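Biologist: I'd like to go through this one with you. Can we take it piece by piece?
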Amino acid sequence: MPVQHQWDYLFAIGTIFAGLDAFMIGANDVANSFATSVSSKSLSLKQAVLAAAVMEFLGAVLVGARVTSTIKDGIIPASAFQGNAGVQLLAFTCAIVASSTWLTIATRFSWPVSTTYSIVSSVIGVGIATAGWDAPQWGWNNGKGLATIFAGFGIAPGIAGGFGIVLYSLIKFGVLMRDDPTKWGLYTAPLIFFLVGAILTMAIIFKGSPSLGLKDLPSSTMAAAIVGTAAVVALLSILFWLPFVHARVVKKDYTVRWYHFFLGPLLWKRIAPHDAGQHDFVPNYHLREENDLDKRGPAADNNSDSEKGDEKDKASDIQETPAAAAQPSNLASEVEAHPIEGPWILPKNLWILVRYRAFPRVYKALTYGATVDIHALQAEKGKASAQRIAEIHARARQYPNDTEHLFSFLQVFTACTASFAHGANDVSNAIGPFSVIFHVWHTGEISGSRTPVPVWALAFGGGMLVIGLATYGYNIMRVLGNRITLHSPSRGFSMELAASITVILAAQYGIPVSTTMCIVGATIGVSLCNGDWRATNWRAIGWIFMGWVMTVPIAATLSGCLMGILLNAPSF
């Protein structure tokens, strides 16, 4: 039972704005994490929401405690509050209010800002308002001070960009540029699965739940666990994934369904139908029509049947677009099929109003965030800047769909890894301050460095992350992904894996880096591998960077002014 009932209103305000902060983290940070997967067509928006619902929630609940402690007690020491628990409660309430307010404004105007820097700057503001300029830990402070956090401003995108260049260069010259890229993609896939499996295992071990004690295992045991788990993942890919993809991509067996995946090695002996090569069912990952750049090099001479089918798809898309635009919507058809006859108060007419008028409109409004066409928003169709985006895309080469299809599987695997790491890392931005608010309200004591974070609070934060992505994440995705550079599954896989490696390394050393900076840095690195600096939308990068810089003074000033006004307000 709480002992500080006189501060119930502060706890209520803190709870509401912590939920709003987590919601906006989902709409802003989680959205920019999944923008890569959705932009490359490896995942639909609905599939991305489902993946986030599972992985973000598990990451937040299982491994979210370590970075939370850094946000909570590493920036402002408890001594700054001079033993006054009420002032500490007020300070972190003001911080979460300021942070969530700024994130709401930024998300509304489609600014992909750093949610990590938002809460850090807000805590700085209340610290200065409470105890002056010396209150925040400006130095390194054993990896927990502000110098460590703001060093990530350059470290995070730089490291992620470096990993992105290395990973995509290996894929580009080791697979995509070869004479038979699909064959080489199949040969190298187990190695890539091994790499991703190792990274996911390191995320679980290094960022694991303290109750499991995995981080305290001997180094030899850790190494064995990492290598062993990665080897199992690679073996499973050989036994199940390779024959499944070979049947679909190489044999062109259109009768293979998703549940045939579990047949594993039996698929090697499965005989494809006699007309297998006449059917094109590999998804079209291309975002523009073929140009001269796509025809360069050996890979251009190995277009498969699916590539030829893509040209038909593009032609049909051009022909069907006007007709599709002229067709009435499903909602209009429903209304016309169920007209109201007689007084509206009749039971039959009331049912029609609810079932075919009100319910479809409410359902469309609630699911709009998961059904909107992200690619149309990113291409800015119908706007003056659409031509500029098209020129940027024209400078990036597109590779055969069959080969890109292999990397779509790998990108989904990587996206889940990145989502798990994101849930573990960025849930602290909302739940860190909230854990202080709850502890002080519940015990009446100053929150110290060893204050436990409730599991239900992490679950609450993880749930709000998912809801934020599902309902409002599209507003951030529209300015990322293909708005920055042309995306494809091979590029997206490299971006997400590079960002995931950076986040995991940072979390291992207790540095709360921004996931936004990691994915943007990785995107720039992969884009530079196109060999043309004009294949990157530097104007969009500039706006994103300006949003990062603006976050620090705005969030700090807002929280500091709010804390100063309330702390020095006259009492009556």
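Modeller: The expected span of a helix is 1.5 Å times one less than its number of residues. Keep in mind that this is a predicted model.

Biologist: What span should helix α6 have, and how far apart are its end C-alpha atoms?

Modeller: Helix α6 covers residues 146-176, which is 31 residues, so at 1.5 Å a residue it should span 45 Å. The end C-alpha atoms of α6 are 43 Å apart, which agrees.

Biologist: Where does α6 bend?

Modeller: At F153, by about 40°.

Biologist: New topic. Where is S237, and is it buried or exposed?

Modeller: S237 sits in helix α8, residues 219-250. Its relative accessible area is 4%, and buried means under 20%, so S237 is buried.

Biologist: Which backbone oxygen lies 2.5 Å from a polar atom of the S237 side chain?

Modeller: The backbone oxygen of A234.

Biologist: And which residues is S237 in contact with, leaving aside its neighbours within four places in sequence?

Modeller: P190, F193 and L242.

Biologist: Now salt bridges. How many are there?

Modeller: The count comes to four. One of them pairs R270 with D253, with the closest N and O atoms 3.0 Å apart. Both residues are in the loop between α8 and α9, 17 residues apart.

Biologist: Are R270 and D253 buried or partly exposed?

Modeller: R270 is partly exposed, at 26% relative accessibility. D253 is buried, with a relative accessible area of 0%.

Biologist: What does D532 pair with?

Modeller: D532 forms a salt bridge with R395, and their closest N and O atoms are 3.3 Å apart. D532 lies in the loop between α19 and α20, while R395 lies in the loop between α13 and α14, so this pair ties together parts that are 137 residues apart in sequence.

Biologist: Which of those two is buried and which is partly exposed?

Modeller: D532 counts as buried at 15% relative accessibility. R395 counts as partly exposed at 32%.

Biologist: What about D532 and R534?

Modeller: Their side chains also meet in a salt bridge, at 3.3 Å from N to O. R534 is partly exposed, with 42% relative accessibility.

Biologist: Which residues end up in one network?

Modeller: R395, D532 and R534, joined by salt bridges that share partners. D532 takes part in the bridge to R395 and in the bridge to R534.

Conventions. Residues numbered from 1 in each chain as written. Predicted model: local features only at pLDDT ≥ 70, side-chain atom pairs only at ≥ 80, totals over all residues. Heavy atoms only, no water. Helix = DSSP H or I, 4+ residues; strand = E, 2+ residues; numbered from the N terminus. Bend = angle between axes of the 7 residues up to and from the residue. Buried < 20%, exposed > 50% of the residue type's maximum accessible area, 1.4 Å probe, protein only. Polar contact = N/O pair within 3.5 Å; in protein donor to acceptor, adjacent residues only side chain to side chain. Contact = heavy atoms within 4.5 Å.
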